[in-house]
Amino acid sequence: MKIKNQIIPYSRQTITNQDIKEVNKVLKSDFITQGPINKKFENEISKFVKSKYCITVNTATSALTIACRALGLKKNDILWTSTNSFVASANCGLLCGAKVDFIDINLDDYNISVEKLEKKLLHAKKINKLPKILVPVHFAGQPCEMEKIYKLSKKYKFKIIEDASHALGSSKKNIMVGSCKHSDFTVFSFQAVKVITTGEGGCLTTNNKKLYEKVKLLRTHGITKDKKLFINKECKSQPWYYEQQVLGTNYRLSDINSALGLSQLKNLKKNLIKREKLVKHYYALIKNTNFKFVKIPPNIKSAHHLLPLFYNFKDFSEKVNFFNYLRKKNIFLQVHYIPIYKHPYYKMLGFKSKNYQNTEIYYKNIFSIPLFLTLNKTKQIFITNQIMKFFQKRK
């Protein structure tokens, strides 16, 4: 079997025979949506991350949006997030009619810079433009400095939604991401290449019962069937009755998707160990070179959803040539992420690259190398050898 003839993507899903069996069970059951498997999946996530409540939705984007709505984000409010994320981390604010702004990252872990956040908050207070919500992003699976961010939230009176799309299974100082010890909500993604998948899907965790009830309503057209919560008390006796209490939409996750997620969740701990071993092998292969991996302190466990590698490219043209060279070898790297402010839509809103110096350095020099469960050491050696060859040829 020749490796060079196989396409190696930056990531891919792993579906087991057991996953397929669990999905088939639901397909043959009485409920393929709004059934018991969905609730069981939610309960297991809560148990895993040590939160009081969990609610599943059809995407993490939906989760971010209804979390913003549950926290009362509206027109003329302000949401801040990291420059280094997928656009959903900012779009959720705009979709609520709010204004959005960004915090630059630090160059150690590529997460939101707490130092820059604190400076921006101090200035925002002076001009009376403090954010209502902050969305810190746990990039690549490494937790942000949530304890420091939480202290700032108490001082400056903003709410926190952790975007943990990359970080199911991550922890810092033995505090699980998703426990919401330092936030109002945590959002996870179960999109195809995340550490577990439901195909498309996501969830929110929280410890606040009122917020939990709000997002439950927003997930299902703003409708409740719970008689204890009815506004029209006289209708309690009507067995068919349900009522819409707020404006919502259909963000539900089906039992089919939930069965896949539940099956994958059972193997998550084992699979996180596999990912850690793959990362350590990459470290061994690329040590003592000009490439730099993200710094992970001893008190952090990362889910390693992505593996970003930093190299000081001469310019963007060299980076383009590097990507094209590896694609000819069937190695498909990726860049995570194009900074949100660089997209044409956000440029129209007036955001300038010069305001985010660390992100500019990061974007010029970063790339994500292949990392997924079915990757083996032979392929890792092939990948790293090809990466090295490109730069050896250009000396």
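1. Lys74 and Asp77 form a salt bridge through their side chains, at 3.6 Å from N to O. The term salt bridge denotes a side-chain nitrogen of Lys or Arg within 4 Å of a carboxyl oxygen of Asp or Glu. Lys74 counts as partly exposed, because its relative accessibility is 46%, whereas Asp77 counts as buried at 15%. Here buried means under 20% relative accessible area, exposed over 50%, and partly exposed in between, with a 1.4 Å probe and protein chains only.

2. The model is a predicted one, in which local features need pLDDT of at least 70 and side-chain atom pairs count only at pLDDT 80 or more, while totals for chains, interfaces and linings use all residues. Residues are numbered from 1 along each chain as its sequence is written, and side-chain values use heavy atoms, with hydrogens and water left out.

3. The structure contains 14 salt bridges. One of them links the side chains of Arg219 and Glu42, with an N to O distance of 3.0 Å. Arg219 belongs to helix α7 (residues 209–219) and Glu42 to helix α2 (residues 36–49), so this pair ties together parts that are 177 residues apart in sequence. Both Arg219 and Glu42 are buried. Helices (H or I, at least four residues) and strands (E, at least two) are DSSP runs, numbered from the N terminus.

4. A further salt bridge joins Lys228 to Asp226, whose closest N and O atoms are 3.6 Å apart. Lys228 is exposed, with a relative accessible area of 66%; Asp226, at 30% relative accessibility, counts as partly exposed. Elsewhere, salt bridges with shared partners connect Lys39, Glu42 and Arg219 into one network.

5. An open sheet is formed by 3 strands in the order β12-β14-β15, with antiparallel pairing. Its edge strands are β12 (292–293) and β15 (366–368), each of which pairs on one side only. Two strands are said to pair if DSSP finds at least two bridges between them.

6. Which residue of β14 does Lys292 stand opposite? Lys292 faces Phe310 in that strand. The antiparallel pairing of β12 with strand β14 (residues 308–310) extends over 2 bridges. Helix α12 (residues 357–365) packs on the sheet and touches β14 and β15, contact meaning heavy atoms within 4.5 Å. The direction of helix α12 makes about 55° with that of β15. Axes are lines fitted to C-alpha atoms, for helices over the stretch in contact, and angles run from 0 to 180 degrees between N-to-C directions.
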